[in-house]
Amino acid sequence: MAAPPDCSLIATDLDGTLLRGDDTLSDRSLAALALAARAGARHLVVTGRPAPRVRPLLDDLGATGLAVCGQGAQVYDAGADRLLWSVTLDRELAETALGKIEAEVGELYAAVDQDGVDGLTLIEPGYLMPHPTLPAVRVERRDDLWVRPISKVLLRHPRLTDDELAATARSAVGSLATVTMSGPGTVELQPCGVTKATGLALAAEHLGLEPGRTVAFGDMPNDIPMFDWAAHGVAMANAHPELKAVADEVTTSNEDDGVAVVLERLFGGAEPYVPPHVLPRPRSGRVPR
């Protein structure tokens with residue numbers, strides 16, 4: 001395991017990494033992020049979710065700074081509720097790319113994330129949202145997906161695995177788009193050359209922070225560019241094998257507070273974490289601080 005740097009920037013994916021399976025943040029993770037903040041480190045969420053789907057989670061974190069959203073296509077300022085930077089996927093190119101993939105694998109089901117802080121997630125008939133808690137609007141036909149600028153296209157296939165679909169899509173679309181796999185049931189097309197690393201680099205430059213002092217956490221192949229950019233990459237125990245293969249270390253799973261385990265080590269959480277409901281109480285009945 002490579003030694004992590006003197007960390008000034010923590011970059012975390014959300015789904016399968018910082019979030020538990022029920023889309024919640026544990027008390028331990030929140031406490032570990034607060035510990036890092038007190039030591040002067042900045043935390044950046046770096047996620048495939050578009051800005052409108054990230055806003056409630058940033059509220060839970062008490063975050064008012066920047067977040068990298070949409071697989072790097074958006075740099076979102078939570079405090080101002082605006083995009084500092086965004087890039088869209090050309091809709092004609094997206095249609096062409098879909099056609100090329102379907103020529104190889106047969107019928108696909110597609111969805112899109114619209115650009116902007118109020119953009120919607122639109123899903124065509126047959127598409128099932130991999131995260132049922134995320135809001136989406138069903139449209140009647142594929143043409144309705146292209147009514148507004150989009151940041152990415154999401155793909156599902158009725159029979160192929162995510163790995164099979166992603167591999168075929170990369171071969172079929174070439175330079176038309178970047179293909180990523182960001183979670184179970186989530187293969188995506190985004191603007192060519194856009195990755196989590198490009199968005200993270202822009203946000204870090206804006207904050208005056210450097211890759212050499214960045215620790216990144218993730219669980220899926222779409223986190224590989226972020227690991228390549230950062231000085232130290234930490235894969236979750238539940239991570240895809242492709243990400244584990246390039247990680248500097250593997251922590252415990254997202255359900256077992258893997259991000260917190262590393263942050264407590266890096267920022268001097270000397271005492272073992274004790275959940276609030278089992279904290280020892282003094283005779284006064286007050287919880288010790």
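Strands E12 (214-218) and E13 (residues 232-235) run parallel and are joined by four bridges. Val215 stands opposite His232 in E13. Helices (H or I, at least four residues) and strands (E, at least two) are DSSP runs, numbered from the N terminus. Two strands pair if DSSP finds at least two bridges between them. The model is a predicted one: local features need pLDDT of at least 70, side-chain atom pairs count only at pLDDT 80 or more, and totals for chains, interfaces and linings use all residues. Residues are numbered from 1 along each chain as its sequence is written, and side-chain values use heavy atoms, with hydrogens and water left out.

E12 and E13 belong to an open sheet of eight strands. The order is E5-E4-E3-E2-E1-E12-E13-E14, and the pairing is mixed. At the edges stand strand E5 (82-86) and strand E14 (249-250). Each has a single partner strand, so one side of each is left without a neighbour in the sheet.

Now turn to strand E9 (residues 150-156). Six of its seven residues are buried, so E9 is largely enclosed by the rest of the structure. Buried means under 20% relative accessible area, exposed means over 50%, and partly exposed lies in between (1.4 Å probe, protein chains only). Strand E6 (residues 109-114) runs antiparallel to E9, and six bridges join them. Here Asp113 stands opposite Lys152 in E9. E9 also pairs with strand E11 (residues 186-190), again in the antiparallel sense, over three bridges. Leu155 has Val187 in E11 as its bridge partner.

Next comes helix H1 (residues 14-18), which holds Thr17. Thr17 is buried, with a relative accessible area of 1%. What surrounds Thr17, leaving aside its neighbours within four places in sequence? Thr17 is in contact (heavy atoms within 4.5 Å) with Phe217, Gly218, Asp219, Met236, Asn254 and Val259. The side chains of Thr17 and Asp13 are joined by a polar contact of 2.9 Å. A polar contact is a pair of N or O atoms within 3.5 Å; within protein, one must be able to donate a hydrogen and the other to accept it, and residues adjacent in sequence count only if both atoms are side-chain atoms.

How many salt bridges does a search of the whole structure find? The search finds 15. A salt bridge is a side-chain nitrogen of Lys or Arg within 4 Å of a carboxyl oxygen of Asp or Glu. One of them brings together the side chains of Asp6 and Arg213 (3.2 Å, N to O). Asp6 lies in the segment before strand E1 (9-12), and Arg213 in the loop between helix H6 (196-207) and E12, so the pair ties together parts that are 207 residues apart in sequence. Asp6 is exposed, at 58% relative accessibility. Arg213 is partly exposed, at 35%.

Glu264 and Arg28 form another salt bridge, with the closest N and O atoms 2.7 Å apart. This pair links helix H9 (residues 258-266), which holds Glu264, to helix H2 (residues 27-38), which holds Arg28, 236 residues apart. Both residues are buried. Glu102 and Arg142 also form a salt bridge, with the closest N and O atoms 3.1 Å apart. Glu102 sits in helix H4 (residues 91-105), and Arg142 in the loop between strand E8 (137-138) and E9, 40 residues apart. Glu102 is partly exposed, with a relative accessible area of 22%.
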